[in-house]
Amino acid sequence: MFKKLITRCLGVACLTVAFTACKTPALITRTENRNVPVSFGTSQDSTNTVNRRWRSFFTDPNLVALIDTAIRNNQELNITAQEIQITQNEIRARQGEYMPFVGLRGGAGVDKVGRYTLLGAAEANSEIRPGKEVPEPLPNYMVGAFASWEVDIWHKLRNAKKAAINRYLASVEGRNFTITNLISEIATSYYELLALDNQLAIVQQNIEIQNNALRIVRLQKEATRVTELAVRRFEAQVLNTQNLQYGLQQRIIETENRINFLVGRYPQTVARNSAAFNTMVPDSIRVGIPSQLLANRPDIRRAEQELAAAKLDVQVAKARFYPSLAISAGIGYQAFNPAYFLKTPESLIMSLAGDLAAPLVNKNAIIATYNSANARQIQAVFNYERTILNAYIEVANQLSNISNLEKSYSVKTREVQALTQSIDISNTLFNSARAEYTEVLFTQRDALDARFDLVETKMRQLTATVNIYRALGGGWQ
């Protein structure tokens with residue numbers, strides 16, 4: 001009986017589809033472009049630094065400890081972990097929708113119908129058994145099991161589950177992308193902190209040098225070799241450098257607290273070895289080939305999963321134009337007295353029904369949902385292509401940045417050496433009255449600026465190494 005019912009319903013469904021399928025609106029679709037350039041510049045080497053785990057890429061033990069703490073405690077990372085849990089629950093919910101629903105039902109009640117009605121007149125002239133009339137009012141007791149099932153003819157429910165799986169995988173990649181960015185941000189802030197410490201040390205050294213120069217100028221004023229103007233200019237320079245010291249101290253506090261926020265703790269001193277900053281050498285980076293970005297970048301992998309989910313959403317929305325078949329069944333016992341519950345077949349009740357429904361008129365809501373799903377799919381295509389383009393450009397920019405910073409650091413090192421020697425020369429010439437005091441002031445100022453720039457360039461070198469490691473998709477493995 002059940003097999004015949006299914007066969008008949010499917011037959012009707014096929015006839016209905018012939019009428020409704022032609023009413024599905026035509027859509028303008030777009031296929032994603034997965035092509036990327038064959039190389040970064042002229043290199044064809046497929047060796048990729050991204051295959052190194054972050055623990056081997058970052059060798060500073062203080063930095064490694066900070067990253068470890070951040071992965072455990074960072075609030076944003078913990079938020080993304082809950083998003084993964086939400087998408088897991090969504091998969092479970094979608095899976096349950098295309099499985100049969102089975103439940104138990106029980107009830108009790110009492111019913112009295114009017115005597116002068118068709119049903120009341122019939123009951124008044126009826127006997128449950130010879131000599132026993134139908135009770136009035138009539139109790140009613142029922143217990144049984146029921147089931148319902150929507151037959152997933154067009155894979156609407158299964159596609160919805162697959163879309164939920166894709167979104168779960170996208171949330172996992174989202175967490176990986178968050179880890180990559182978190183590691184990059186901590187490393188960048190850590191190197192900035194080391195640079196600030198070194199700049200503060202330079203300022204303090206310059207304050208000492210300038211104070212010594214100020215003492216010499218005062219002695220020369222007493223000897224009437226210079227005027228009060230020279231003394232005041234040297235004093236102003238000392239005060240200006242002291243002001244730089246306070247600004248750097250504030251930036252150090254803010255950078256420490258930025259790191260503390262990322263690792264999920266309240267303000268405290270960040271352990272570090274600032275003395276090792278000047279000896280740090282940026283790692284050599286092997287970028288591989290652009291096609292590896294598709295597998296290594298978590299944001300590209302996330303966009304790919306979101307695109308797959310959007311495509312399935314279109315199929316789910318399209319299936320709403322087709323007939324849906326629902327089957328319901330029930331079995332149990334019903335009697336006016338619980339004593340008769342187990343009398344079979346007298347108290348046995350059962351039901352089996354099939355329900356076929358198809359939209360024919362006023363499908364505006366379904367059409368709108370279908371069009372919106374397709375628009376979101378096109379959005380996902382553009383987002384996927386944009387993510388790939390952005391990844392390639394990030395790597396290209398950082399490659400150029402690393403090359404230019406290497407040249408800049410070499411030139412800046414020679415500049416610092418020249419200006420450092422100029423300080424001694426200008427002081428010697430000034431003491432022998434062969435140079436003006438302004439030359440000493442300008443030389444000291446230029447030397448301070450150059451040493452600041454050298455530290456800044458070293459920090460940018462280290463940061464560029466971190467950025468290209470992130471751009472290649474490293475850090476989350």
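Threonine 344 counts as partly exposed, at 46% relative accessibility. That class lies between buried, under 20% relative accessible area, and exposed, over 50% (1.4 Å probe, protein chains only). The model is predicted: local features need pLDDT of at least 70, side-chain atom pairs count only at pLDDT 80 or more, and totals for chains, interfaces and linings use all residues. Residues are numbered from 1 along each chain as its sequence is written, and side-chain values use heavy atoms, with hydrogens and water left out.

## Loop residues

Threonine 344 sits in the loop between strand 5 (324-335) and strand 6 (348-357). Proline 345 is in the loop between strand 5 and strand 6. The peptide bond joining threonine 344 to proline 345 is cis, with omega near 10°. The C-alpha atom of threonine 344 is 100 Å from that of aspartate 449, and 105 residues separate the two along the chain.

Histidine 155 belongs to the loop between strand 4 (138-151) and helix 6. Its phi is positive, about 60°, although histidine 155 is not a glycine. Histidine 155 is partly exposed, at 37% relative accessibility.

## Overall form

The chain has 11 helices and six strands. These are DSSP runs numbered from the N terminus: helices are H or I with at least four residues, strands E with at least two. The radius of gyration is 39 Å, well over the 23 Å given by the globule rule for 477 residues, so the chain is more spread out than a compact globule. That radius is taken over C-alpha atoms, and the rule is 2.2 Å times the number of residues to the power 0.38. Along the principal axes, the C-alpha atoms fill a box of roughly 140 × 50 × 40 Å.

Of the 477 residues, 39% count as buried. The chain exposes about 26,600 Å², with carbon and sulfur atoms supplying 55% of it. Areas come from the Shrake-Rupley method with a 1.4 Å probe. Among contacts between residues at least 6 apart in sequence, 84% join residues at least 24 apart. A contact means heavy atoms within 4.5 Å.

## Glutamate 306

Glutamate 306 is in helix 9. Its relative accessible area is 35%, which makes it partly exposed. Leaving aside residues up to four places away in sequence, glutamate 306 touches Ala170, Ala380 and Asn383. Its C-alpha atom lies 8.7 Å from that of leucine 169, 137 residues away along the chain.

## Two pockets

A pocket is an open set of points on a 1 Å grid over the protein atoms alone, where a 1.4 Å probe fits, with protein on both sides within 12 Å along at least five of seven lines; lining residues have an atom within 4 Å of a point.

| Pocket | Volume |
|---|---|
| Largest | about 300 Å³ |

The largest pocket is lined by 17 residues, and Arg94, Ala160, Asp313, Val316 and Arg320 are the closest to its centre. Helix 4 (75-97), helix 6 (156-222), helix 9 (298-319) and helix 10 (364-431) each supply at least two lining residues. Helix 6 gives the most, with six.

In the second largest pocket, 16 residues form the lining, and Pro282, Asp283, Ile402, Glu406 and Gln461 lie nearest its centre. Helix 10 and helix 11 (437-471) are the elements that give two or more residues to this lining. Helix 10 gives the most, with six.

Key
Points joined across faces, edges and corners; volume = space filled by probe spheres on them.
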